[in-house]
Amino acid sequence: MIVPNLHLLVVHAPEVANTIRPGQFVILHAGEGAERIPLTAADWDREEGTLTVIFMEVGTSTGKLAMLKAGDQIPTVVGPLGVPMEMRNFGTVVCIGGCFGMGSILPVVRELKENGNKVITILEGRSKNLLYWEEKLSKYSDKVIRLTRDGSTGYKGHVKKGNEILKEMNIIPDRIIAMGCTTLSYLATRDYAHYNVPIIITLNTIMIDGTGMCGVCRCTIDGHMKFACVDGPTSFRMWRILTWKKQNQGNVRG
Amino acid sequence: MEETKSRKRERVEMPKQAPFIRKRNFQEVALGYTKEMAVDEASRCLACKKPLCVEGCPVEIDIPGFIKCIATNDFSAAIRKLKEKNCLPAVCGRVCPQEEQCEIKCIVGKKGSPVAIGRLERFAAEWEASQTIMELPEIKTKTGKNVLVVGSGPAGITVAGDLILAGHEVTMLEALHEPGGVLSYGIPEFRLPGKIVSREIEYLQKLGVKLICNYVVGKTKSLSDLLNEYDAAFIGTGAGLPWFMEIPGENLNGVYSANEYLTRVNLMRGYQYPKTYTPVIRHRRVAVVGGGNVAMDCARTALRLGAEEVYIVYRRSRNELPARLEEFENAEEEGVIFHFLTLPVKLIGDEEGWLKEIECLKMELGEPDQSGRRKPVPLAGSEFRMRMDACIVAIGNSPNPIIPTTTPNLEVSKKGTIIVDENTGKTSIDRVWAGGDIVTGAATVILAMGAGRKAARSMHAYLTNGIVSTGG
């Protein structure tokens with residue numbers, strides 16, 4: 001457990017670690033009877049052949065993953081799935097990570113920096129004990145901003161507060177990337193719409209196969225049906241044209 | 001004359017679970033022939049010199065040959081005969097549409113009911129499974145060639161089976177955590193028990209096929225990269241991208257693709273929930289849209305999960321229903337309610353985003369369309385609503401896009417299917433063949449197997465003498 005209810009899992013999966021790119025995900029399956037859980041990769045080590053994921057314990061199957069001890073084996077680590085996030089020099093990029101997204105945004109931040117971007121990273125959490133990986137993220141960010149709803153550390157407020165902070169710092173983003181729960185993605189697209197730049201969010205839906213077969217992850221973008229697993233999971237469309245399906249059916253992905 | 005006598009005799013019925021019992025359990029509906037029944041039925045075959053039934057079989061099984069063995073009580077010879085041409089007799093005996101392939105051509109059928117070829121095939125396979133030792137066929141001398149099979153569904157299984165027997169090394173890759181493709185995730189337990197599929201896969205493994213699950217070709221590694229490690233490859237990745245109706249409300253909770261519904265229940269064992277952990281909501285009123293075998297499977301699955309009322313909503317009439325007659329009858333017997341000539345136009349939700357009602361239009365049949373079937377035309381002002389908790393969309397699938405989009409130079413049609421030479425299954429890429437639903441769009445298990453057989457023949461010729469024949 002990395003912070004309350006968020007777990008970090010390192011799995012040995014050399015073939016997956018070898019080809020994975022920022023924004024892609026894997027599916028873990030804790031064995032007979034469990035559900036298949038899609039998780040965005042938070043880090044990887046190609047030489048060691050390992051992959052790091054961070055997930056929230058929300059139900060039986062994520063509970064099973066959380067119970068794993070070092071050295072345990074699980075039958076399924078499949079991936080990398082989904083389309084990698086577009087990476088080049090965009091200029092100034094604001095990256096927002098909340099909840100499990102503070103982890104999964106790391107590869108994004110790292111590669112953006114490698115591409116020569118100015119990277120401003122915003123960590124968002126309810127309280128200071130829910131923030132993590134600030135040090136890792138600082139390594140590749142020009143600035144890390146802490147944002148807590150109770151003001152226990154950094155600035156007090158939610159995503160919207162970022163507007164004031166960016167203004168204070170005279171930063172005008174060329175691109176905004178938000179990773180985290182549905183609410184965070186929604187707020188990012190709503191509260192930063194006025195910048196009129198691409199806002200990239202990841203669609204963390206329930207999935208079964210992750211290869212386009214089941215259609216659980218469907219969403220409507222610009223009036224067309226898309227599947228988060230094969231067309232996504234990253235999407236730079238505005239929230240209002242995304243229609244969500246079944247948030248409350250089965251497990252919401254952590 | 002004995003022939004005249006046998007012609008008059010009607011086919012031996014196969015025992016089934018009674019509808020009121022079976023509609024509440026996931027055990028197999030049809031129970032199979034006993035030895036006596038099988039021998040009795042087999043003796044109806046005329047053993048024609050020029051058997052028309054064989055012409056109707058996509059994998060050219062020696063039908064009179066294996067039936068004769070059953071008639072003479074030599075069951076092990078019967079299964080050997082079957083397996084010469086068909087590596088999945090237990091599967092095909094159950095899910096092949098025999099009534100439009102082999103049995104429709106049966107001479108006995110011209111004056112009565114045709115010989116029950118499918119039931120006899122199933123019997124032979126079951127007899128073999130009940131034996132303690134499974135005979136393994138002879139494998140030709142190893143050639144040292146390595147073949148990659150992508151997808152472990154019916155097409156891939158056939159290619160793997162044929163090429164391993166020919167002496168090549170075969171590696172089969174599967175994206176999901178269990179092999180079998182549509183046989184595992186799609187066809188329900190009560191029609192094709194999972195243990196039969198795993199038995200067939202084990203048989204392939206005994207022959208030496210190497211199976212790797214959780215491997216997504218095009219993602220974990222590209223096909224082009226894999227070609228550096230193999231002498232030839234076969235793509236059998238199936239039709240795995242569900243169609244939706246593109247009507248308002250399809251993103252509501254309670255609306256499923258047939259693939260999702262069946263996969264949750266079958267592959268993820270949702271029918272055993274809460275013993276297993278994949279939830280399947282027990283909806284009370286369920287509408288299934290579509291008229292194929294998959295639609296029947298969904299409707300009958302919903303009943304077994306405890307639904308009170310299950311409807312099939314199909315836009316054409318009963319005559320155009322693409323499902324097998326047997327499946328339609330099974331569904332009807334179990335209490336599925338059919339709304340023919342009905343087209344859903346809108347799904348309506350409640351405040352919390354759950355499906356509440358389905359709005360439909362009544363249709364009538366007009367002029368024949370491209371498919372030769374009479375086209376359904378909406379009747380103006382015929383809108384009506386039905387209260388529903390769930391709607392399962394079972395109107396078909398597009399080919400899975402992962403390999404076509406990640407393999408440069410692979411020729412693909414507008415529909416997304418891989419373009420191959422009709423006679424050999426060879427694709428536009430050197431050393432790569434394809435077959436099954438990824439080439440034809442959604443079709444049947446046996447057609448995929450037939451395509452696999454053709455491709456395997458061409459691959460074997462290529463691996464043996466380096467020649468790819470095209471154009472037949």
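Two strands count as paired here if DSSP finds at least two bridges between them. I'm keeping that cut-off at hand while I go through this predicted model.

I started with β2(A), residues 25-29, and looked up its link to β3(A): the two run antiparallel and are joined by five bridges. That clears the cut-off of at least two bridges, so I log β2(A) and β3(A) as a pair.

Next I followed β3(A) to its other partner. Four bridges tie β3(A) to β4(A), residues 50-56, again in the antiparallel sense. Here I found Trp44(A) facing Leu51(A) across the pair.

How much of β3(A) is buried? I checked residues 36-45: nine of the ten are buried, so I put the strand down as mostly covered, taking 20 or more other C-beta atoms within 10 Å as the test.

**Chain B, the open sheet**

I moved on to chain B and traced an open sheet of five strands, with parallel pairing and the order β3-β2-β1-β4-β16. Which strands stand at the edges? They are β3(B), 210-212, and β16(B), 432-434; each has a single partner strand, so one side of each is left without a neighbour in the sheet. From one strand to the next I get an average twist of 20°.

Inside the sheet I looked at β1(B), residues 146-150, and β2(B), residues 169-173, which run parallel and share five bridges. Leu148(B) stands opposite Thr171(B) of β2(B).

Then I asked what lies across β1, β4 and β16 of chain B. I found helix α19(B), residues 445-465, running at about 170° to β4(B), which spans 232-235.

**Chain B, the domains**

Last, I looked up the division of chain B: domain 1 covers 2-130, domain 2 takes 146-240 + 398-465, and domain 3 covers 244-395. I note that domain 2 is written as two segments, with the range of domain 3 falling between them.

I also checked domain 1 against domain 3 in chain B. Their C-alpha centres are 32 Å apart, and nine residues of domain 1 are in contact with nine of domain 3. On the domain 1 side of that contact I logged four nonpolar residues, one polar and four charged.

Notes
Residues are numbered from 1 along each chain as its sequence is written. Chains are lettered from A and ligands numbered from 1 in the order in which they are written. This is a predicted model: local features need pLDDT of at least 70, side-chain atom pairs count only at pLDDT 80 or more; totals for chains, interfaces and linings use all residues. Axes are lines fitted to C-alpha atoms, for helices over the stretch in contact, and angles run from 0 to 180 degrees between N-to-C directions. Two residues are in contact if their C-beta atoms, placed from the backbone, lie within 7 Å. Domain bounds come from an automatic or database domain assignment. Ala, Val, Leu, Ile, Met, Phe, Trp, Tyr, Cys and Pro count as nonpolar, Asp, Glu, Lys and Arg as charged, and the others, Gly among them, as polar. A residue is buried if 20 or more other C-beta atoms lie within 10 Å of its own, exposed if 12 or fewer, and partly exposed in between; C-beta atoms are placed from the backbone.
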